[in-house]
Amino acid sequence: MSENLVNRRGFLSSIGLAGTAGMVSPGILLSSCGNGRANALTPLIPEAEWNIPTSLPDTAGDGVPLKAGLIGCGARGKGSVHNLLTAATGVTLAAIGDVFQDSIDDTRKALKEVFNQELPDDKCFTGFDSYRKVIDAGVDIVLLATPPNFRPLHFKAAVEAGKHVFLEKPMAVDVAGALSVIATSRQAVAKGLAVITGTQRHHERSYIEGYKQVQSGLIGDIVSANVCWNTGSHWFRNKDAKWTDMEGMLRDWGNWTWLSGDHIVEQHIHNIDVFNWFSGKKPLSATGVGARQRRSTGDQYDMFSVDFAYEEDVHVHSLCRQIDGCANNVFEVIRGTKGTWSSDGVIKDRKANVVWKYDAEREKAEYKQTNPYVLEHVNWINHIRNNKTICQAEETAVSTLTAIIGRMSAYSGKEVTWDEAVASGLNLQPETLSLTDLDLSKYPVPVPGTPSGRANNQR
């Protein structure tokens with residue numbers, strides 16, 4: 001039985017990728033306070049098609065014991081394990097894999113200190129092929145938290161093995177990877193698997209309640225939006241003399257496009273995804289600019305500004321920056337014909353009067369768990385234990401591809417349409433994966449208006 005919401009066929013039809021994958025189920029979480037609500041509202045979509053979880057309890061229900069495998073033992077990998085083990089009882093971490101032994105050691109230490117769980121040596125795997133060893137280690141569920149470049153390959157292997165999967169965002173770094181995830185997603189649905197992605201705003205109650213108000217018609221028809229992730233500089237690691245070029249890139253993965261997708265994809269996808277989620281649409285085209293001013297490693301930009309054009313002349317301004325000493329802000333604002341929703345949990349009418357506000361205090365009174373990073377795992381485990389299918393991977397792949405198109409436009413200096421991007425088959429994968437030195441001339445900083453700016457290391 002599929003517990004995936006929204007009329008998925010309608011959503012996929014709107015993005016030009018119709019298929020059998022589903023989303024999540026309709027339902028009510030908690031009523032938020034408001035005033036001055038319009039008496040007659042025209043819903044954007046019927047309640048039965050709302051793309052929200054059915055329920056979000058504090059913890060997952062008891063059920064069959066589950067053995068988890070972690071692929072990717074960096075900070076996000078350790079964080080996802082902590083979230084999972086907080087979300088549910090009867091779950092143990094049974095196998096882990098990473099390219100580097102020191103990452104394995106750090107994860108085992110944290111697991112012992114925080115959860116008093118120990119991993120035997122024969123369940124800890126290193127190397128580029130460690131993902132297969134984790135999948136084959138007798139686990140029931142798999143968490144994918146490597147640099148996103150590897151996500152499509154690892155997702156495909158996990159689904160082929162019949163494993164339930166949690167995928168950290170983004171789904172890919174290039175067009176070929178995003179399309180691969182979409183194909184694998186449909187296989188996961190056919191197998192009745194539970195697949196959740198790390199777009200945690202989908203499990204944040206304030207966003208869910210705001211989504212309900214927007215779909216109910218409180219802001220009217222959506223006409224435009226602003227999405228933003230402006231923050232300080234990204235972490236980086238200078239190459240150690242004893243590292244090969246490949247090791248240096250992997251340890252500094254957040255600054256290399258072929259590994260992270262650049263920060264418009266790796267980080268700003270959260271904001272872009274919110275608009276795609278609320279609107280149920282994908283863009284027709286992107287026209288963007290970007291620049292590199294302060295980054296000291298890698299081949300990426302520090303900033304992007306992109307105009308995404310959607311059908312019905314809807315435009316979304318996407319803005320992201322990673323530079324210290326600047327004004328910072330992270331938000332989403334969606335404007336309609338009757339008013340505006342903002343991610344601070346407020347809806348205002350056209351005259352800026354507050355007509356709805358999320359009741360955060362009520363949430364704290366009714367729930368013990370308010371961390372969306374934990375709640376996404378609660379939803380995941382509940383689907384698994386209740387034998388219900390869910391698959392968010394295709395939806396998140398569409399948002400990933402949206403961000404990729406924005407990057408492609410900024411790198412090239414040209415407008416890039418959705419159809420052009422899909423047809424390009426952009427593939428940033430290196431020819432081989434091994435801890436060797438590389439021809440670094442293949443990884444230039446993109447220059448708009450030049451042929452090399454079109455696609456960094458495109459094959």
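User: What share of the contacts in the protein with a separation of 6 or more comes from residues 24 or more positions apart?

Analyst: Such residues account for 77% of those contacts, where contact means heavy atoms within 4.5 Å. Some background first: this is a predicted model, in which local features need pLDDT of at least 70, side-chain atom pairs count only at pLDDT 80 or more, and totals for chains, interfaces and linings use all residues. Residues are numbered from 1 along each chain as its sequence is written, and side-chain values use heavy atoms, with hydrogens and water left out.

User: Why is Gln267 called buried?

Analyst: Buried means under 20% relative accessible area, exposed over 50%, and partly exposed in between (1.4 Å probe, protein chains only). Gln267 has a relative accessible area of 15%, so it counts as buried. In the protein as a whole, 57% of the 459 residues count as buried.

User: Where is Gln267 found, and what does it contact?

Analyst: Gln267 sits in the loop between α10 (263-266) and α11 (269-279); helices (H or I, at least four residues) and strands (E, at least two) are DSSP runs, numbered from the N terminus. Beyond its neighbours within four places in sequence, Gln267 is in contact with Lys169, Trp229, Thr231 and Gln322.

User: What makes the pair Gln267 and Gln322 a polar contact?

Analyst: The term needs a pair of N or O atoms within 3.5 Å; within protein, one must be able to donate a hydrogen and the other to accept it, and residues adjacent in sequence count only if both atoms are side-chain atoms. The side chains of Gln267 and Gln322 make such a contact at 3.2 Å.

User: What makes a set of residues a nonpolar core, and how many residues has the largest one?

Analyst: A nonpolar core is a set of buried Ala, Val, Leu, Ile, Met, Phe, Trp, Tyr and Cys residues joined through side-chain atoms within 4.5 Å. The largest has 91 residues, and Ile141, Trp341, Trp380 and Ile381 have the most contacts inside it. Its largest share, eight residues, comes from α14.
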